[in-house]
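I opened my notebook to look up a few things about this protein, one at a time. Here is what I wrote down as I went.

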Amino acid sequence: MLSKRRLGRQGLEVSALGLGCMGMSQSYGLPDDQESIATIHRAIDLGVTLFDTAEVYGPYTNEALVGRALVGRRDQAIIATKFGWRVEHGRFGGLDSRPERVKRVADESLRRLGTDHIDLYYQHRVDPAVPIEDVVGAMADLVHAGKVRFLGLSEAGEQTIRRAHAVHPISAVQSEYSLWERSLEGSVIPVLRELGIGLVPFSPLGRGFLTGTAKRAEEYPEGDYRRGDPRFQGANFDANVRAASVVREVATRRGASPGQISLAWLLHKGDDLVPIPGTKRRRYLEENVRAAEIALNSADLSQLDAALPPEVVAGPRYDDRMMAFIDQ
């Protein structure tokens with residue numbers, strides 16, 4: 001069984017690895033609800049407690065899927081969901097974190113999830129049109145009403161985190177962090193540790209580069225997120241495959257898979273980190289969970305750190321449109 005970790009100082013305890021549920025409903029191939037629900041059930045059996053979703057995943061269908069999967073097992077799960085995107089024509093639109101919308105969307109998420117409370121409620125992206133103090137004030141009202149237990153932010157910058165935390169304690173910040181994407185190390189992670197806020201890394205397997213399964217952008221089907229990812233395109237793809245080869249070297253030496261080594265590296269970065277690798281297949285879930293059993297030594301960690309510094313990865317992690325929504 002997985003060990004437990006604490007996110008923030010407010011008492012939120014979760015499994016050392018969570019499960020990212022987005023890919024069950026969008027971005028990475030066709031949905032398979034039956035296998036996805038079986039994967040969530042298997043995750044609970046293996047000791048996973050943190051399940052990550054959002055209103056915009058699907059949109060809306062992922063929350064409903066998670067809700068169906070947790071019928072009869074709600075007390076074994078910590079549900080994290082998010083608000084903040086407008087849905088336009090079935091896809092991410094602009095941002096909208098007006099306080100009245102925050103509260104309305106929370107009620108809608110509760111209905112889809114089939115529960116009376118959200119354990120961890122994130123602002124999905126920082127909305128520059130709404131002061132973060134107003135947003136967190138509305139989120140805090142949801143805590144006082146018993147609809148939400150703990151608060152989080154996603155892809156927030158250092159100053160936003162400080163301002164938000166001054167209004168109501170923030171338990172977790174969710175951002176992309178892995179051997180593949182280390183930009184948080186300079187300023188964000190030190191601030192989180194100063195304030196006692198946990199980090200929930202998403203895409204901890206580098207969208208397939210760290211597992212050795214990445215293909216060129218044009219090899220993915222229409223509708224797959226990776227077709228538009230700059231890191232999967234042209235010369236960027238070739239450079240990134242070469243850069244990730246060190247993970248395979250360490251994996252071979254340790255008798256593990258590259259994905260397990262990548263997750264183990266994250267787990268060694270501190271007890272305040274809880275990665276949420278996403279999958280809709282039980283076999284990949286089981287492989288990911290076994291990463292918690294791998295004890296990397298100092299030589300392993302030094303080799304990985306040195307081979308994949310932040311500047312080695314070629315290309316931005318999103319296209320220009322999506323990069324514009326990242327809080328700096």
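**Entry 1: a glutamate.** I began with Glu-55, which counts as buried because its relative accessibility is 1%. (Buried means under 20% relative accessible area, exposed means over 50%, and partly exposed is in between, with a 1.4 Å probe and protein chains only.) I found Glu-55 in the loop between β4 (50-52) and α2. Helices (H or I, at least four residues) and strands (E, at least two) are DSSP runs, numbered from the N terminus.

Which residues does Glu-55 contact, leaving aside its neighbours within four places in sequence? I noted Tyr-60, Glu-63, Thr-81, Lys-82, Phe-83, Gly-84, Trp-85, Arg-101, Val-105, Ser-109 and Arg-112. Contact here means heavy atoms within 4.5 Å.

**A note on the source.** This is a predicted model, in which local features need pLDDT of at least 70 and side-chain atom pairs count only at pLDDT 80 or more, while totals for chains, interfaces and linings use all residues. Residues are numbered from 1 along each chain as its sequence is written, and side-chain values use heavy atoms, with hydrogens and water left out.

**Entry 2: helix α2.** Next I listed the buried residues of α2: Asn-62, Glu-63, Leu-65, Val-66, Gly-67 and Ala-69. They pack against α1 (33-45), β4, β5 (78-83) and α3.

Ala-64 also lies in helix α2. Is Ala-64 buried or partly exposed? Ala-64 counts as partly exposed, because its relative accessibility is 22%. I then checked Ala-64 against Arg-112: they are 48 residues apart along the chain, yet their C-alpha atoms are separated by 4.8 Å.

**Entry 3: α2 against α3.** Two packed helices are described by the angle between their axes and the distance between the axes. For α2 (residues 61-69) and α3 (residues 99-113), I wrote down an angle of about 45° and axes 7 Å apart. Axes are lines fitted to C-alpha atoms, for helices over the stretch in contact, and angles run from 0 to 180 degrees between N-to-C directions. The two helices are therefore oblique to each other. (Angles under 35 degrees count as roughly parallel, over 145 as roughly antiparallel, 65 to 115 as roughly perpendicular and the rest as oblique.)

Where do they touch? Glu-63, Ala-64, Val-66 and Gly-67 of α2 meet Ser-109, Arg-112 and Leu-113 of α3. I sorted the residues of this contact into three nonpolar, two polar and two charged. (Ala, Val, Leu, Ile, Met, Phe, Trp, Tyr, Cys and Pro count as nonpolar; Asp, Glu, Lys and Arg as charged; the others, Gly among them, as polar.)

**Entry 4: α7 against α8.** Val-241, Arg-242 and Ala-243 of α7 meet Ser-245, Val-246 and Arg-248 of α8. This contact divides into three nonpolar, one polar and two charged residues.

**Entry 5: the whole protein.** Last, I stepped back and noted twelve helices and eleven strands. The radius of gyration is 19 Å, close to the 20 Å that the globule rule gives for 328 residues, so the protein is as compact as a globular protein of that length. (The radius is taken over C-alpha atoms, and the rule is 2.2 Å times the number of residues to the power 0.38.) Of the 328 residues, 59% count as buried.
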